Amino acid sequence: MLAIESSCDETAAAVIDEQYRVRSSIVASQAALHARFAGVVPEIASRAHLERILPVIDEALAMAGCTLQDLSVIAAVTGPGLVGSLLVGLTAAKTLAWTLGLPLVGVDHIEAHLFACQMSLPPGESAFPAVGLVVSGGHSNLYECRSATDIELLGSTLDDAAGEAFDKAASVLGLSYPGGPAIEAAAASGRSDAFAFPRSFIKEPQRLEFSFSGLKTSLLYEVRGLPGSTVNPPELTSQRIADLAASFQQAVVDVLIEKSRHALRLTGHKRLLVGGGVAANTLLRERLRELSRTDGIQTIVSEKSYCTDNAAMAAIGWEHFRRGNVLPLGADVRPGLVRKARN
Ligand code: KG4
Ligand code: ZN
């Protein structure tokens, strides 16, 4: 299967066999193009996808040692994501499916982030059923996953996604984009208890929602001072940046762990899947291992290279193909795909 992912600012293609073995996975990041805006600019993203999509597909085929004639299925991420970006990947996939006479399969970006957890298990072992946590630049969502393709939203963020909060915090601290890795690096030499940042809804076990805007504002006030105040904030030394980064990271991770614990208790599931760019965070990964020990649950976190956007996780396309879930060539992208929340 050739899989294509272009939902945000990574142009990605992968070749994956029926046993989910990744024969190649190529990701062309556009981070450098968006860095000076400290976030993804949709029009720049779709134009960059157009330039990169064919070379990325060529490289994925070459690295897998195969040609177009060796393929049997074409898969593309159809949503959620940026409409212009998704259109580039889906149009490339449709064109290949049509010219090669192959079935076209649509992949949901969120399901794919969770399916990346399945791919780190040995063959024959299933990652489902489970609670799923997707933490990325666009999402902070908890799901009940009955199977790989049957997932229900339990709760999401009221404002920023976790990755978005990292990106904005990094921008306030004058660190590079994307913010997650930059905050993580700065935090390594800081004290995580230096600042008592807020942790939203952490004491409300029934509430499976996130909010990171209060945390972001608290950080902003520490850096720029309180609005209307005549007192200047302390100088932003490298030690203060490190302490702010470490305290910020600690607050985000505390919330993600506690809310996952609440979701596990409420649903009764004994397994937690974690995917998305923020799942690459070392502190979060350590705390998930701890959660596993203290709460007696199995935590499966995507391999680091499959946390941030990639096409290998679109291996879930095989599941759809086996269920006969094939797309017509007239199918459209689903940029704002939102799952019905549980009442
Ligand atoms: O999954 P992803 O590549 O794209 C979306 O689907 O949004 O996630 C990108 C996000 C960015 O916000 C980035 O700052 C964050 O993941 N991220 C991290 C780390 N690596 C990437 N956040 C915290 N720690 C990291 N090590
Ligand atoms: Zn993603």
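Figure 1. Helices (H or I, at least four residues) and strands (E, at least two) are DSSP runs numbered from the N terminus, and two strands pair if DSSP finds at least two bridges between them. Strand S1 (residues 2-5) and strand S4 (residues 74-79) run parallel and are joined by three bridges; Leu2 stands opposite Ile74 in S4. This is a predicted model, in which local features need pLDDT of at least 70 and side-chain atom pairs count only at pLDDT 80 or more, whereas totals for chains, interfaces and linings use all residues. Residues are numbered from 1 along each chain as its sequence is written, chains are lettered from A and ligands numbered from 1 in the order in which they are written, and side-chain values use heavy atoms, with hydrogens and water left out.

Figure 2. Axes are lines fitted to C-alpha atoms, for helices over the stretch in contact, and angles run from 0 to 180 degrees between N-to-C directions. Contact means heavy atoms within 4.5 Å.

**Figure 3. The open sheet S8-S7-S6-S9-S10.** A five-stranded open sheet has the order S8-S7-S6-S9-S10, again with mixed pairing. Its edge strands are strand S8 (150-155) and strand S10 (298-301), each of which pairs on one side only. The twist from one strand to the next averages 25 degrees. Strand S9 (residues 271-275) runs parallel to S10 and is joined to S10 by four bridges; Arg271 has Gln298 in S10 as its bridge partner. H4 packs on this sheet, touching S6, S7, S8, S9 and S10, and its direction makes about 115 degrees with that of S6.

**Figure 4. The surroundings of ligand 1.** Ligand 1 is surrounded by 23 residues, of which the closest are Gly137, Asp167, Gly180, Glu184 and Asp309; a residue is counted if one of its heavy atoms lies within 4 Å of the ligand. An oxygen atom lies 3.2 Å from an N or O atom in the side chain of His109. Polar backbone atoms are also approached, at 3.1 Å for Gly163 and at 3.0 Å for Gly277. The protein covers 91% of the 550 Å² of accessible area that ligand 1 has on its own, as computed by the Shrake-Rupley method with a 1.4 Å probe.

**Figure 5. Ser136 in the loop between S6 and S7.** Ser136 is found in the loop between S6 and strand S7 (140-147). With a relative accessible area of 8%, Ser136 is buried; buried means under 20%, exposed over 50%, and partly exposed in between (1.4 Å probe, protein chains only). Not counting residues up to four places away in sequence, Ser136 touches Ala161, Ala162, Gly163, Glu164, Gly276, Gly277 and Val278. The C-alpha atoms of Ser136 and Glu164, which are 28 residues apart along the chain, are separated by 7.5 Å. A polar atom of the Ser136 side chain lies 3.3 Å from the backbone nitrogen of Gly138.

Figure 6. Most residues other than glycine have a negative phi, and most peptide bonds are trans. Phe128 and Pro129 are joined by a cis peptide bond with omega about 0 degrees, and Pro129 lies in the loop between H4 and strand S6 (130-135). The peptide bond from Tyr177 to Pro178 is also cis, with omega near -5 degrees; Pro178 is placed in the loop between helix H5 (162-172) and helix H6 (179-187). Ala38 has a positive phi near 55 degrees and is partly exposed at 32% relative accessibility. Phe201, in the loop between H6 and helix H7 (213-224), has a positive phi near 60 degrees and is buried at 16% relative accessibility.

How values were computed. A polar contact is a pair of N or O atoms within 3.5 Å; within protein, one must be able to donate a hydrogen and the other to accept it, and residues adjacent in sequence count only if both atoms are side-chain atoms.
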